[in-house]
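Hello,

Here is the structure for you to look over. My notes on it follow below.

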Amino acid sequence: MKTNSYKECPVGDAAFCDADHFQAGRQLLQRPLLPLVRLVHLLFLTGPFTTLGELLSQLTEPLETAGINYDRPADLLAPHLTALRPLEALKDPASEAKKITILDQHDHPLPAMEALAMQVNQAVLEQELEAINSLLCGPCRCSLCCTGPTEEMRQLFFEIPLQPEEANLMALPQIDTPASQARDSATEPPFELHGRPFYQQPPAVYHWRAGWSMILPHGSSCPQLDDRGGCRIYPARPKVCRRPQIFAYILECDEEAQSSQDPPVYRARHKLLAVWDCPYVQVLQDEIAAFAQLSGLEPIFRTNKN
Ligand code: SF4
Ligand code: SF4
């Protein structure tokens with residue numbers, strides 16, 4: 001593997017990158033949690049523990065697995081206890097842990113034990129990557145995720161999905177009409193306002209059939225982006241803003257295979273996605289690929305915005 005150099009900083013500030021402001025995030029990339037989660041899964045299954053809390057209380061010594069040293073395994077896993085909790089169903093048939101169906105590439109449901117492990121791994125990895133992405137994004141002084149496309153880009157707008165309770169975080173007009181709720185941003189012909197497509201209007205928050213989103217047309221930016229490229233509501237930023245630009249893709253929700261009555265249906269993907277537009281993904285490509293492989297996942301790098 002080549003050693004990353006910080007001489008070719010994609011944000012155009014090589015001196016800044018040379019100072020390695022990514023150090024804290026890189027340390028987490030070098031110590032992925034999923035190998036430890038796999039070991040804990042095995043210990044819980046084979047040991048005399050009825051709860052994960054009991055097991056964690058016994059993990060007082062450093063552990064080594066998959067060539068990685070974990071100095072304080074219980075402390076590392078404590079913030080992920082809720083995500084790990086479904087594993088307790090292995091010892092408690094009456095557990096009310098939500099059971100999900102995961103289909104393989106042949107549309108066959110995976111065995112329950114395997115599905116449970118994947119469900120837990122996805123939840124832990126999402127939390128782990130939220131911390132890593134936050135550590136890596138700040139030093140980049142980049143606002144790509146918070147602005148609409150530039151004139152050179154082929155996209156007409158960028159869309160930031162919002163939870164219903166997040167719609168009011170943005171001081172923007174809200175378009176919530178029977179016509180908007182009858183379609184989505186990708187519906188053709190496009191939803192029109194005042195005789196023009198929605199993406200030729202100023203930024204706004206729309207209530208679509210699939211839910212709420214903020215639409216940022218060409219040359220616009222999120223109203224919460226400050227003059228120095230920071231987020232004014234960083235601690236309370238929307239859920240989707242917490243997850244750029246390395247994603248857990250162990251499972252994917254299968255919209256077609258489920259109905260509102262059924263338990264959730266997912267597809268097994270076994271991947272980690274990293275978006276190439278992001279400066280830290282470009283600088284840390286090798287570390288991200290190694291992190292994915294140690295986590296038992298295939299790393300996929302792709303471009304989203306061009
Ligand atoms: S809420 Fe903050 S992080 Fe999210 S798009 Fe706006 S400025 Fe960016
Ligand atoms: S592209 Fe990367 S560095 Fe830029 S704002 Fe998004 S997550 Fe942060």
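Is His270 buried or exposed, or partly exposed? His270 is partly exposed, with a relative accessible area of 38%. Here buried means under 20% relative accessible area, exposed over 50%, and partly exposed in between (1.4 Å probe, protein chains only). His270 sits in strand 11, residues 265–275. Its phi is near 55 degrees, a positive value in a residue other than glycine.

Some ground rules. This is a predicted model, in which local features need pLDDT of at least 70 and side-chain atom pairs count only at pLDDT 80 or more, while totals for chains, interfaces and linings use all residues. Residues are numbered from 1 along each chain as its sequence is written, chains are lettered from A and ligands numbered from 1 in the order in which they are written, and side-chain values use heavy atoms, with hydrogens and water left out.

The overall fold

The chain has 10 helices and 12 strands. These are DSSP runs numbered from the N terminus (helices: H or I, at least four residues; strands: E, at least two). Of its 306 residues, 45% count as buried. Take the contacts (heavy atoms within 4.5 Å) with a separation of 6 or more: residues 24 or more positions apart account for 68% of them.

The core

The largest nonpolar core has 51 residues. Such a core is a set of buried Ala, Val, Leu, Ile, Met, Phe, Trp, Tyr and Cys residues joined through side-chain atoms within 4.5 Å. Leu125, Ile246, Leu272 and Tyr280 touch the most other members. Helix 7 gives the largest share of this core, 10 residues. Leaving aside neighbours within four places in sequence, Leu125 is in contact with Leu34, Ala248, Ile250, Leu272, Phe291 and Leu297.

Helix 10 covers residues 285–294. Its buried residues are Asp286, Glu287, Ile288, Ala289, Phe291 and Ala292. They pack against helix 2, helix 7, helix 9, strand 10, strand 11 and strand 12. Just after helix 10, Gly296 takes a positive phi of about 80 degrees.

The ligands

Which residues surround ligand 2? They are Cys137, Cys140, Cys142, Leu144, Cys145, Pro244, Gln245, Cys278, Pro279 and Tyr280, each with a heavy atom within 4 Å of the ligand. By class, this shell has nine nonpolar, one polar and no charged residues. The classes are: Ala, Val, Leu, Ile, Met, Phe, Trp, Tyr, Cys and Pro nonpolar; Asp, Glu, Lys and Arg charged; the others, Gly among them, polar. Helix 7 (112–140) and helix 9 (279–283) each supply at least two residues of the shell.

Ligand 1 is surrounded by Cys146, Ile160, Met170, Cys222, Gln224, Leu225, Cys231, Pro238 and Cys241. That shell divides into eight nonpolar, one polar and no charged residues.

Backbone details

Two cis peptide bonds deserve a look. One runs from Glu188 to Pro189, with omega near -10 degrees. Pro189 lies in the loop between helix 8 (178–181) and strand 6 (192–193). Another runs from Pro244 to Gln245, with omega near -15 degrees. Gln245 is in the loop between strand 9 (211–217) and strand 10 (246–253), and belongs to the shell around ligand 2.

Ala66 has a positive phi, near 55 degrees. Its place is in the loop between strand 1 (63–65) and strand 2 (68–70). At 47% relative accessibility, Ala66 counts as partly exposed.

Best wishes
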